[in-house]
Each structure stands twice: as C-alpha cells, then as structure tokens.
Amino acid sequence: MNNSRVIVALDFPDETTARQHISMLDPGLCRVKVGMELFTGGGPSLVEALIADGFDVFLDLKFHDIPTTVAKACTVAARLGVWMLNVHAGGGREMLLTACEAVAKEPHQPLLIGVTVLTSLATADLAEIGVPAAAADQVTRLAGLCKSAGLDGVVCSAQESAGLQAALGREFILVTPGIRPAGSASHDQKRTMTPAEAMLAGSHYLVIGRPIFQAEDPLLMLQQLNREINTALAQRQA
Ligand code: C5P
C-alpha cells in the first residue's frame, strides 16, 4: 500500500509532456496532483489512465460554483476514482455541505479538501474584494468552516500548519505546497519550508513539483523525500 506523504504536482500542459515526466515516478513512492492546466490539456481520460497505472490522484480543480453544480462535479470526480479533490471554502457553508453529501453517497469516497485564501492574496487584496479581515484570520475562519461542514482538511501553507493543527486538531488533513528540500532552488515560491519542517509543523501531505522533476534522479529524490518525511513523522509522534 502507498503511504507516501508526497503529492507530486504534474504541472504540464498536455498528456505527452506529462507522460514523459510520469514515467520517471513510481506509484508506490508518491501520489500525484492533476491541476487545471493538465486537466484542461489531458482531460478525464488521463486521470483514469493514471489511476489505472496505480497512482492516487489529487484532482486540484478548486470547484467554486452554486451548491448543485459543485456537488455534481464532485460526484463525477468521485466516479473517476480520484483519491482527493478540492473546493473553494469561499463558496460558503451550503456549497461545502452539499459537496460533502455528494461525495458521501458514492461507493468510492475521495478525501474532500477546502481551499481557504489563495496564497497569492494578501490582506490588501482581500480588502479590495470587500473582505476586511487579515489574510491569516480569514484562513483560520475558512478552515474552521470547512471542518464544521464536514470536509476532511484544507490546503494551507506550512506557515499556517501549526496554528491550524492547534485550532482544528491532528486529524484534520493539512495539504501543503511551497516545499523545498534543503539546498534546492526556491523558483517563484516566496516562503518555503523543508519537508521535515513542514511535517513537524503539522502538515499531512506535501505538494512538491519542480524539485522532483528538476532533480538529476527524480526517483532518488522521491526516496530521499520519503525518508526525510518518515524521520520527521517519527519525531512528531515521539
Ligand atoms: O513546483 P512546485 O513545488 O512549486 O509546485 C507546487 C504546486 O503547488 C503547484 O502545482 C502550485 O500550483 C501549487 N500551489 C502552490 N501554492 C499554493 C497553492 C498551490 O504552489 N498556495
């Protein structure tokens, strides 16, 4: 069984490019994330093919619409067989509840994760769209809403993990991008944490893209990441 905490971001524009990179991975050592770029280029058939190849797929489409539409999209995603999917917490309680109900009716139930405040938005950006809260407070508020509506967890930055774990408990799943192994390039990520730091802060799964595919040996990088994460998990439980 796959128990890796690494979710590899497949940030590619089409199936051919994605497949060249996926062939470097081992479904026993990681899970994968299909976001809106690859889904738009590769479609549901690619998602089904990845699942048939043994990968757990996080469908990162951040559904945000009226409750019925989001619920129906969640049902279709569950039937595709994805392992995890996400919706925007800003869609409100009814949308979140309806999404949970839709997933709960399916024989195969993916983990349902909320997106709180996009990390590209700062407090000033929120003010401009009529949200008077500080970004950090809005994250806490929306994560709490996700939990009370029955979602399994949220996507958050590692900087938010410790606070969210304290507020929402250890079972609430924290999925964290912006991870950089020590010594690797930060690219366009501004506030990074190492895999060990993020796990010690309370994250459950780490979304990592470029550090894996730009490594000389992606498989070796995956093995090193898994080792670092397992050591941190053992420390966390001690
Ligand atoms: O290549 P890298 O490790 O930076 O990829 C991180 C992945 O996580 C990308 O798919 C990116 O879109 C996603 N992500 C992020 N920061 C967020 C939310 C998602 O980097 N706040």
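Okay, a definition to start: two strands pair if DSSP finds at least two bridges between them. Strands here are DSSP runs of E, at least two residues long, helices are runs of H or I, at least four, and both get numbered from the N terminus.

Quick housekeeping: this is a predicted model, where local features need pLDDT of at least 70, side-chain atom pairs count only at pLDDT 80 or more, and totals for chains, interfaces and linings use all residues. Residues are numbered from 1 along each chain as its sequence is written, and side-chain values use heavy atoms, leaving out hydrogens and water.

So, strand 3, residues 57-63. Six of its seven residues are buried, meaning under 20% relative accessible area with a 1.4 Å probe, protein chains only. Strand 2 (31-35) runs parallel to strand 3, joined by four bridges, and strand 4 (84-88) is also parallel to strand 3, with three bridges. Look at Phe58: Lys33 stands opposite this residue, and in strand 4 its bridge partner is Met84.

Now helix 7, residues 158-168. Which residues are buried there? Ala158, Ser161, Leu164, Gln165 and Leu168.

Just after helix 7, Gly169 has a positive phi of about 95°.

How values were computed: Buried means under 20% relative accessible area, exposed over 50%, partly exposed in between (1.4 Å probe, protein chains only).
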